[in-house]
Amino acid sequence: MVRIPLRPLAQILYFRGKGLDPDIVERHNISKRHSSIEDQNWQRSESRLFFMGLLFLIGFSLICVRMTVLASSQTAEPFSEFSSVKAITQRSNIIDRNGNILATNLFTNALYANPKIILQPNRAVKELVRIFPELSESRLLTELTSDKSFLWLKKKISPEQQQAVHDIGEPGLLFGHRELRVYPNGSLASHILGGAGFNNESAVGADIVGRAGVEASFDQFLRDPSRHGEPLQLSIDLSIQAATERVLAGGMDLLGAKGASSIVMDVKTGEVISMVSLPNFDLNRRPGVLKSGDPSNSPLFNRAVQGVYELGSTFKTFTAAKALDLELVNPETVIDFERKMIISGVTVRDEHYAGPSLTVADIISKSSNVGTAILASKVGIENQKSFLESLGLFHPTTLEMTEARNIKPLIPAKWTDMSMITISYGYGLSVSPLHLAVAYSSLVNGGNKVEPTILKKTTESLGSRVISETTSHQIRKILRSVVRDGTATLGEVEGYSVGGKTGTAEKQKIGAAGYDDDRVVSTFASFFPSNDPRYVLVVSFDEPSYRIEKESKRTAGWTAAPVAAEIIRRIAPLLNLWPTPEDNETVQLK
Amino acid sequence: MRLLAYVFSVTFVMLTGFWANYENVKTLEVSQSIKKTQAEMSDVKETLNVLTVEWAYLNRPERLQNLANLNYKSLGLLPISSNQMKSISSIDFEAIRVSLK
């Protein structure tokens with residue numbers, strides 16, 4: 001660094017020449033030098049201060065940011081993820097409308113083997129067969145002595161079995177963690193729940209997936225971890241489901257029927273309170289899908305939802321309802337007819353002729369085909385079509401089950417006069433018992449369409465109007481008379497004022513045209529109490545037949561109606577319905 | 001004066017350091033015990049789940065029905081039916097009183 005001299009010779013000489021003191025020059029230069037040093041120091045400390053300030057600013061900002069993060073974050077239990085590991089992997093429970101468990105999970109283990117590290121294959125096989133007698137000894141030995149490194153032995157084992165396997169002391173026998181879907185009620189509500197199975201199986205675990213029913217249709221919902229195991233609540237009532245299943249199974253046995261189904265539905269909310277299809281199956285041991293033959297022969301087949309049948313005379317109610325709603329007739333209108341008539345070019349005949357004249361109410365009560373056909377001809381094709389469509393009989397129902405969404409009613413491709421006449425008394429249009437329950441609910445609840453649901457609801461959900469309030473009232477009275485003194489007298493239950501309509505439809509011949517009068521589907525669509533309907537009950541038997549004094553009884557009045565009555569007798573008290581005498585009936589009370 | 005300030009600040013730093021360490025140890029202890037409790041809770045939850053399943057299994061309608069049938073002699077339980085339901089006004093209390101006397 002070049003230092004400027006404090007006493008530069010040129011300046012000294014210059015000052016001396018002028019007769020001044022050269023020390024002033026020195027002092028001046030010293031002060032100049034000091035001030036420049038001060039300037040430098042000042043600048044240096046200023047930059048240090050700036051740097052320090054910056055550091056503090058960064059430090060404080062970091063603290064501020066951290067505090068903000070802490071303040072704005074959700075308060076959470078520390079290590080909560082630790083405790084919920086198991087809960088998160090769990091599939092939600094399914095409960096009934098009163099909170100009873102229908103489906104839940106248990107932790108269990110799967111047994112697998114690593115043949116490469118098995119020490120004594122012979123002993124291991126012997127011991128394993130002792131614990132699991134269903135395993136084949138010779139096959140197991142071949143597999144355990146092979147050069148594989150992984151082999152499934154059992155998918156689910158109990159804690160006792162696990163301990164027994166531990167006791168073998170074989171290092172090559174290993175356990176995989178498993179969650180097991182458990183249905184404590186066994187076969188109860190089997191078609192509603194559907195059942196579950198494993199997917200993506202590995203040694204560490206496996207996914208449980210729904211195979212059918214609610215388990216399949218709500219699969220994503222049940223597996224959603226963000227719901228923290230909140231259960232899925234169905235509209236089903238466990239006790240009512242059990243009572244219905246028991247009575248229906250007894251009925252099916254007695255009648256020698258191939259199958260049976262029943263649906264109890266709330267007429268105002270569309271909630272399915274109970275839905276039974278027999279034969280059923282044990283959900284904990286779900287049978288395999290039928291590989292060949294008629295799928296309806298499998299116990300997995302849900303007759304109530306998937307069974308699409310021509311339901312016969314139960315359709316007469318729809319014809320009468322439309323005729324009444326259009327004010328073409330009233331319940332007292334007398335209609336003349338013969339045993340066999342040609343109506344709109346179609347020959348119609350009555351098996352049990354009740355003519356020559358009947359009121360509209362009696363046509364339904366006595367279930368006359370000819371009378372109904374006359375009503376249909378008055379209603380006309382377009383009205384009939386639009387009415388049946390408005391009742392939801394043309395489309396799959398909106399019930400939250402995969403099976404229901406896939407089942408489309410069978411409707412004629414071309415709606416001719418022939419179709420109009422036959423459909424008026426229930427032939428030529430095939431629907432499921434669930435469709436029938438929905439349609440009857442809509443007719444008797446005051447005339448509003450309901451959508452069926454399997455989930456519990458708390459509010460009424462009435463849809464668009466299908467018939468007027470007056471027509472609904474008239475239909476209720478007519479259907480009540482069917483039970484009181486018509487074709488369904490065996491459907492009467494004292495105190496519950498049951499109303500309903502029977503239907504016995506012959507099944508189509510297998511591999512030939514025409515109908516088979518030996519094989520019928522007998523159905524009873526009922527509702528109770530008839531003065532203020534709360535529930536609809538549809539009972540249907542597939543090929544029932546029993547004999548009274550050598551006479552074969554297949555009609556619904558003899559088969560479905562008495563079973564339905566027994567069901568109502570059992571479930572009405574469970575539904576909190578109090579038996580009440582009707583206006584014109586007196587009940588003897590002691 | 002300056003010495004006093006030094007002594008004071010050094011003591012302060014030591015005390016705060018001690019306090020911080022103490023809090024740290026305490027927090028770790030608590031977190032350990034929470035982990036333990038959580039593990040216990042998890043086990044208890046599993047047990048509870050098993051018991052719930054067992055309870056549901058023991059209360060399944062089919063079993064209750066069978067039990068009612070088995071003990072019909074002593075309990076005389078029958079399915080509930082509409083003719084068992086009567087209004088209070090229909091009960092003849094006077095007759096009952098007479099029969100009890």
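**View 1. A:S136 sits in the loop between α5 (121–131) and α6 (137–144) of chain A.** Helices here, and strands too, are DSSP runs numbered from the N terminus (H or I, at least four residues, for helices; E, at least two, for strands). This is a predicted model, in which local features need pLDDT of at least 70 and side-chain atom pairs count only at pLDDT 80 or more, while totals for chains, interfaces and linings use all residues; side-chain values use heavy atoms, without hydrogens or water, residues are numbered from 1 along each chain as its sequence is written, and chains are lettered from A and ligands numbered from 1 in the order in which they are written. Is A:S136 buried, partly exposed or exposed? Its relative accessible area is 36%, so A:S136 is partly exposed (buried is under 20%, exposed over 50%, partly exposed in between; 1.4 Å probe, protein chains only). A polar atom of the A:S136 side chain lies 3.3 Å from the backbone nitrogen of A:R139. The C-alpha atoms of A:S136 and A:A113 are separated by 15 Å, with the two residues 23 apart along the chain.

**View 2. The largest nonpolar core has 126 residues.** Such a core is a set of buried Ala, Val, Leu, Ile, Met, Phe, Trp, Tyr and Cys residues joined through side-chain atoms within 4.5 Å. A:L234, A:F318, A:F528 and A:F541 have the most contacts inside this core. Helix α21 (residues 560–574) of chain A gives the most to it, nine residues. A second, separate core has 17 residues, among them A:L144 and A:V165.

**View 3. Here are the surroundings of A:F528, beyond its neighbours within four places in sequence.** Residues in contact with A:F528 (heavy atoms within 4.5 Å) include A:Y496, A:P533, A:R534, A:I568 and A:L575.

**View 4. Chain B meets chain A through 28 of its residues, in contact with 31 residues of chain A.** About 2,500 Å² is buried between the two chains, 66% of it from carbon and sulfur atoms; this is the accessible area (1.4 Å probe) that two parts lose on being put together, summed over both. In chain B, B:Q38, B:S82 and B:M85 lose the most area to chain A, together 22% of what that side buries. The largest share of the side of chain B that touches chain A comes from α1(B), with 14 residues.

**View 5. Chain B has a mean pLDDT of 89.** This score is the predictor's confidence in each residue, from 0 to 100. In chain B, confidence is highest in helix α1 (residues 2–58), at 92, and lowest in helix α4 (residues 93–100), at a mean of 85. For the complex, the predictor gives an ipTM of 0.73 and a pTM of 0.78.

Technical notes:
A polar contact is a pair of N or O atoms within 3.5 Å; within protein, one must be able to donate a hydrogen and the other to accept it, and residues adjacent in sequence count only if both atoms are side-chain atoms.
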